[in-house]
Structures are given as structure tokens and as C-alpha cells.
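Subject: Structure handover

Hello,

I am passing this structure on to you, and my notes on it follow below. Please read them with the model open.

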Amino acid sequence: MAPKTAELSDSADESVNILTAALDQDMAGRDSLEAAASNLEERFRAGEPVADLVRLRSQHVDRLLVQLWHQHLAHQTSACALIAVGGYGRGELHPHSDVDIMVLLPGGKSETPQTSIESFLAALWDIGLEIGHSVRTVDDCRLQAEADITIATTLMEARLLDGNETLFDSMESVVAADQIWPSERFFTAKHKEQQLRHHRYDDTAYKLEPNVKGSPGGLRDIQIIGWVAKRHFGGRTLDELVAHGFLTPGQLRKLTSCQDFLWRVRYGLHLLTGRGEDRLLFDHQSNLAALLGYEDASYTLAVEQLMQRYYRTVMELSRLNEMLLQQFEEAILMNPDASPQPINERFQVKNGFLQTTGDDVFEKQPSALLELFLLLQQHDEIRGVSAYTIRLIRRNLHLIDEEFRQNPENHRIFLSILRAPAGVTHELRRMNLYGVLGLYIPSFGRIVGRMQYDLFHAYTVDEHTLFVVNNLRRFALQRFDQEHPHCSRLMQSFEKPEIVYLAGLFHDIAKGRGGDHSELGAVDAEAFCLEHGLSAYEARTVAWLVRHHLVLSMTAQKKDLSDPDVINEFAALVGDQTHLDYLYTLTVADVNGTNPELWNSWKATLFRDLYELTSRALRRGLENPIDRELLVDETQEATRKALSETDLGTTDIDRAWALFPEDYFLRYRPGEIAWHTTVLAEANLDSDCGLLDVRRQPNGDGIEAMLYTQRERRSFALVTAWLAELGMTIVDVRIVPLRNGFSLDTYVFMELDHRTEIDDARMQRIRRVLSGVLAADDDAAARVTRPAPRQVRMFTTRTIVSFNADEGNDRTIMELVASDRPGLLSTVGRVFVDQGLDIETAKVLTIGERAEDVFYIVDASKRALDADSCALLKDKLIENIDNNT
């Protein structure tokens, strides 16, 4: 069932004439299809209504099928029936939609004209139609439809193309609602089917590569409404829901408009890909935006404009879907005469759903538009909002104006929603779905449906924001303590948790405006907090968190945490433990809400290390910063304590430690030092062969490798190449020159494909490959043949190389921004070797399709690079990276 299209446009009539002429001139079937496809594509590009085009294609295919039906079953067409089913039965065919048909036979299958049917189907394949077919009797239809609701749904949309009309009527009667799948059972099954389908798409319409048909808010959600309506009312178009009072004319127009947009997207996808593609992949989004006429603007790309309209469309469809299915549930499954249970003078509960006590509640008391969500939090026995009330909310959204936003009563209600012990995220999502949140906070309304065209952000800005608040809420609830224990302890200790909720709500609210979104968002956040009665200190704290919400993550991932100056500088920025606690919880929630694949044990370790080191600096006082000697002494003491549980004696430990320079003890944790010490103490260090050990991270999901090799080997390029070829992503590299002419190189890496299991066989293979580094020639090939992932290849990142001086350590900090690809680190390593440079530390950070790596490097004399060396290195890196992309 679809919105009714009354008449085809004049241009569509002309198309019918062209397509009919092609058939009348005995044009071959394949040629006729190609001529029709070319004509329809031309009209699509000219902007003709897509609803006309999908029906024109269906009509053309109708004529072709009937013509071939008569050619191959000339003497049997009166006994059989040729029936269109599924989307084709609705008369809707996109360029590469499957053409689903059923041949309906009388009596037993022994009477089947098998040979004729097979030749008919073969002819359809020969002319290029993508046919889905079944051959059934009326009894088959009844039995199979009764057993499988999918078949029942397909047959509900059956349309007779040619043949025995009486047979067709018999089939329709045996699968009708009074025979099988009455409307109550049908509704329950279809509702469950939708929930399962939504769950396959993570219950969000806002992924960056959505499925225009199957994702929440997609075309399938419109079809669900149609199927349920047809089963209950027996109608064929959604127009009839207006007559039954289930839709207003305005809602029907909105539903039709949303469907037309999604149809246009789907039609364009089929044209671009040359197949029945329903996924809005990155591969196609930019080209589709151009095809649909979008152009880049000052602050938004054409593709971002297209996708924002897509996300706002599916949000509207999700709301309509919820409202209509709720209305069906009330009409089909619930007692219409049930007595409502009053909550207050404005709201009551009927059949488990919250509803207003009258049509004019919101007009008389606009604050009830917020109170409704608070009541849902306070009464967890309420199942949801009635369809009648959802419609009233939408009708009264105009009441959320500036006067409404300045009303102290509304401020009180909104903060009560944030402070509620349960249901915070659920009701914020509902507020967003119903359009309330974006009107109450207009700056939030501007980010609704806004995408960022990259691989780093997996969701739209508004959906990401609500995920961040959801993560913060999980930290606050004891039943989720096992997920992030440290964050949970902090969150549950906050006297004012709404401070960090508000920071989460505002941290990205200025995206897409131009300028620094952190600074702009901080201004909005402080103004909102002051308007809502928070103290000046609380408002400034929220604004500070928004302004600095990226700092902890970037410091942990890009800076050398072994450098006391880095810790002291960060501690000075944070200022006190309270700000650090708030910032840490917000950062972990933010990273986890950006992309499900971003968070891993390595990030958790980095963030926790920075938190602990900063806490310690704050305890000492900013006027008494941590010094290197104290850190070295404490690290050595902790390591000796760990090693006391092993068989190593003091002499063994001292022999190994005699190789280490002092800064080694700043760059590794006690557990790592204990591992290195054990390996070196038990080995023959007089051998020139070197050493290798590989282990799983004791407290994480990564792998660690340590190589003890001759310093001049400079094995970085080879190790990173071979790890890339193994399908690993490297997250940390540290190279320490030892006092005996060797170096200790350590790598932390993880599986690029998170589904790959790191079992014993996988560990053996990694160990075997890396052992080859010890025996390899200095000129060993460091080539990587593994291609970049599909999504990454869709983006181009300009290579940027920049330098900063680390004067305190007499070294150069080089930052590289480039397209992420397997072998990038190896390319960089080869350039370093050619230029005679040594790496001390590499901080490897991948942000979607972009690598943002930081290298701490020195020249051959172990000094920082001069300006000429930096300029030459920059030129060589850009040349080599761009030539290998």
C-alpha cells in the first residue's frame, strides 16, 4: 500500500506513449527495456516526479510480461493467472527492483503446463529482467501464507496482470483476514518484525551509511503502516486512512513527501550503481548529491546537505510510524471503552499510555509540553504516549517560542528531567523525535540530522550527542558498573551530575556554524545554564567542559605522557580534581559515543594514565611540579616490587638495567619494565642476533612486541610494513637507544578487523613474521600489498607535515596528517632512514579515514633537527607518501 497517485503528469503520459510505441513497433524485449530505462533516466535527471517514474516502469514491465505470457502460454492463459506480487504488485518499480511474479494454477500441480512456464520465465531472464517467481495453486497460497507471514504479506499486494480472474479472486479470498492472519495477529507479528529489523540496524536511523529501505525510518516503515492498514481496513491506499480518521490530510501530505524523497534517493542509487542498491554507502553519497542537484555551500558540503535532509526525513517518518502503529495498537488490540486513570488535571493513563485530558491542554498550559516527559520518567509503568497525544504535541509545537524558553517553570521542568533518577536519555530521545528538544534548545535544532562527511563520526551530531548523554547516564547507574568501573565511581560521586549532562548536551552543539565549535558551544552552554538558574560557578564549569572537551583525548593520544612538563601543563589547564573528574567522564563518554569501534583497551589505558598522572600533579600542588628524578625513583621501586615475585635476583635486574638510559624509566610502566627486564636478564646479550618477545596485553585486547636489535638496523620501516600486511593497526611505538649499541623497540598493535580472534595460532604467526625482522637484510623489502578499506578509499586527505621544538628534551616533534592506509608508517620509516633520523616515540592516531601521527625524532647526533633538515624532511615525506597513495 502506498500514498495514492491520482493521475500521472502530462510528461508521464508522454512517456507512456513512447514506451507503448516501442512495443507496438515490435521492438525486441531487451531493446524495449533499454529504451524505456533510457527515457526514464532522462526524465529523472530532468526532475520529473519520481512517483510517476516508478509507476511508468511498472506499467511498461506489465505490457512486456503480458506480451510474453501470451507468446509462451497461448492456449493456457485462460486457465492460469499471471500475478504481480510484492513491490511490483503495488505498481512500484525502481530501475533495478526485482520483478516478483506468481503463476497461479488451478487444481493440482499435475496439471501444470511446466514446459510453457519454464520457457516463459527463461524469456524474462533473457530480456534482462531480474525476476523473482513462484508457481502455486490456491491451496498452496493458503497453506504457505498461513505458515509464513512474509508470504501472506506478499500475497496481500497481489495484482492480476493477465489470466483467470476467478482464480485470482479465489486466491485473494483464502488469504484474507477472515481466513488467516486476522488483523490482531497480523499487527502483533508485523510490529515484532519491525522491532527485529530495527535492531539489526542498531535501532538508529542515523548511521552514516544507512539503508534507505530497511533502516529505521526507511521505506519499509512506510510499508509496515500500509500493510497493517490494509489488513485492518481492507483498503489499498494510505489515502483511505484519512477517511477512517487515522491520518489527517496534512500528515498524509507529509508521509507522501517523505516517501517521494526516499524514492528519489533510491532511484538515484539504482542509476548510479547499475544494480538494486539500497545502501547509502560513502562510495555513492557525493555522486548522488550531485545527481540530485545539491551544491557545496559556505560551511556545508553538498553531500552533508543531502544527508541532513535524509536524516530529517527518516526522523519524521519514525515519528509518523510510531504514532500510526500506536494508533493501530489502540484500535486493534486495546479496549476502547477502558476507563482512564487520572494523573493530574492535564494528563491521564488509558490502556497503559499517557494522554492529555483534552484537546486544549497544551494551549491552556504550554508547560505541559515538557511536563509530559517528566511524568513518563516518574511513572515507569506507563508504556508510552498515545497516538492522540503525539498528534496534539505536533500540532502545538508552535507554542515553544521565546516566551516559552524564558519561562522559569519550564526551566524547572527541564532541569528536573535531567536530574531524574531514571529515564533521562530515553526521554531526551523522545523529545528529539517529537521535535520538542530542538525547539526548546534552538541551537540543538540546527544540528538535528547534521552529518560529518568522514569515517570518524559514525552518527549524526544530534544522535552522537544523545549517545554521549546515554553513556554518562550508564556511568551513573550501578547496574552498569562493570562497563567502565572508574567512570562509574566518579559519576556516582558527583553531587551535581547535571553539570556533566549539560556539558554532554552542548559539547558539539555548534558544529556546522564555522569557527571553533568548542568555543561557540561554550558560549551557548553558559548562557543556557545561567538562564536556567544554575550558579555562576556551575555555568562556568559547564562552559569550561564544552570548551575543553577534546583536550584530554588529544593530550593522551598525541603527547608524550612520559614527559613531566606535559603532565604539569595539562594539570595547570585543569586546575583542580573536580574539573579533571568531570572532564575524564565526559571524554570517555564522548569517545564511546562517536564510533563504537573507536574505544579499545589502549585508549582506556592512555586516558587512565593521563588521569592518574594529572591527579598526582594536582595533589602535589601546581606550585610544586613533578620532577624527573622522583618519577624515575618511584618507577624503579614499583618495578623491583613486581620482580620480587619472580626468580630474578638483584644482580640479574641490575645487569639488564645497566643498559637503560634514565629516560627509559619515564617512558614505560612498571609492568612493562618488568617484562623487558625478565626477557633481557634471561637472554645472551653478547649475541648479535637480537631478541624478540610477543605477548597479549595483560590488561587489554592488544598485542605487545619488544625487539632488541642492533641500533643501526633501524627496523621500524620493516616491522610496521609486516604488521600492516598481517592486518594489524599500530597504536604505539617507542624506540629506546641502549648503552651497548643496541636499541629496545616496542610496539603495541591490534587487529584491524575487530572480528578476528587472537588465538594461539594467530600469536604464533605474528611471532614467526616478526622473528624474520631479526634475520632480514638491511635492504629487505618493506612493501605492503594489503589495500586500504573500501570506505577509506572514498576520501582524499591532503598530506600535511608540521614541526615543533621540544627544547626541554632537545628533540623535534613532527606531526603528520595524511590519508590512512596500510604501509603509511613504513613509508615514513624509510624516509627517516634515508635522512639519517632516529625515532624516539611514535604516537599513532587514526581518525576515521585520516592518520594524525606524531613522531618524536632526533638527528644522527641525537639532537633536534635544524630548520633546513625539517624543510628537506617535509618535502621528502610528502613526495613519498603522495606517490604511494
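Which element gives the largest share of the lining of the second largest pocket? That share, seven residues, comes from α14. Before going further, please note that this is a predicted model.

The second largest pocket

The volume of this pocket is about 1,200 Å³. Its lining is made up of 32 residues, and those that lie nearest the centre are H198, D203, E322, H426 and L433. Two or more lining residues are given by each of α9 (183–200), α14 (302–332), β8 (384–385), α20 (424–434) and α23 (461–476). By class, the lining of the second largest pocket holds ten nonpolar, 13 polar and nine charged residues.

Two residues with positive phi

Two loops are worth a look while you have α9 on screen. The loop between α8 and α9 contains W181. Although W181 is not a glycine, its phi is positive, at about 45 degrees. Is W181 buried or exposed? W181 has a relative accessible area of 9%, and the cut-off for buried is under 20%, so W181 counts as buried.

The other case is D202, placed in the loop between α9 and α10 (219–233). D202 is also a residue other than glycine with a positive phi, here near 60 degrees. Its relative accessibility is 43%, and D202 therefore counts as partly exposed.

The cavities

The model has four cavities of 30 Å³ or more. In the largest cavity there is about 120 Å³ of space. It is lined by 14 residues, with R714, S715, F716, I735 and I839 nearest its centre. The elements that contribute two or more residues to this lining are α36 (716–725), β12 (742–751), α38 (824–834) and β15 (838–843). Of these, α38 provides the largest share, three residues. Sorted by class, the lining of the largest cavity has seven nonpolar, three polar and four charged residues.

Helix α36 deserves a note of its own. Eight of its ten residues are buried, so α36 is largely enclosed by the rest of the structure. The buried residues in α36 are F716, A717, L718, V719, T720, A721, L723 and A724. F716 is also one of the residues nearest the centre of the largest cavity. Just after α36 comes G727, with a positive phi of about 85 degrees.

The second largest cavity has a volume of about 50 Å³. Its lining consists of Y668, E672, W675, H676, E704, A705, D732, R734, T746, Y747 and V748. Two or more of these residues come from each of α35 (670–681), β10 (703–710), β11 (728–737) and β12. The lining of the second largest cavity divides into five nonpolar, two polar and four charged residues.

The β9-β10 hairpin

Strand β10 also takes part in a hairpin with β9, and six residues lie between the two strands. How many bridges join β9 and β10? Strand β9 (residues 691–696) pairs with β10 over six bridges, in the antiparallel sense.

The four-stranded sheet

An open sheet is formed by four strands in the order β3-β2-β1-β4, and its pairing is mixed. Strands in a sheet pair through backbone hydrogen bonds, and the pairing is either parallel or antiparallel. Which strands are at the edges? They are β3 (131–137) and β4 (159–163), each of which pairs on one side only. On average, neighbouring strands of this sheet are turned by 25 degrees against each other, direction ignored.

Within the sheet, strand β1 (residues 81–84) and strand β2 (residues 99–105) are paired in the antiparallel sense over four bridges. The bridge partner of A84 is I101, in β2.

Two helices go with this sheet. Helix α8 (residues 165–174) packs on it and touches β1, β2 and β4, and its direction makes about 105 degrees with that of β2. Helix α5 (residues 114–126) lies across β1, β2 and β3, and runs at about 170 degrees to β2.

Regards

Key: Residues numbered from 1 in each chain as written. Predicted model: local features only at pLDDT ≥ 70, side-chain atom pairs only at ≥ 80, totals over all residues. Heavy atoms only, no water. 1 Å grid on protein atoms, 1.4 Å probe; cavity = no way out; pocket = protein on both sides within 12 Å on 5 of 7 lines; lining within 4 Å. Points joined across faces, edges and corners; volume = space filled by probe spheres on them. Nonpolar A, V, L, I, M, F, W, Y, C, P; charged D, E, K, R; others polar. Pairing = 2+ DSSP bridges. Axes fitted to C-alpha atoms, helices over the stretch in contact; angles between N-to-C directions. Contact = heavy atoms within 4.5 Å. Buried < 20%, exposed > 50% of the residue type's maximum accessible area, 1.4 Å probe, protein only.
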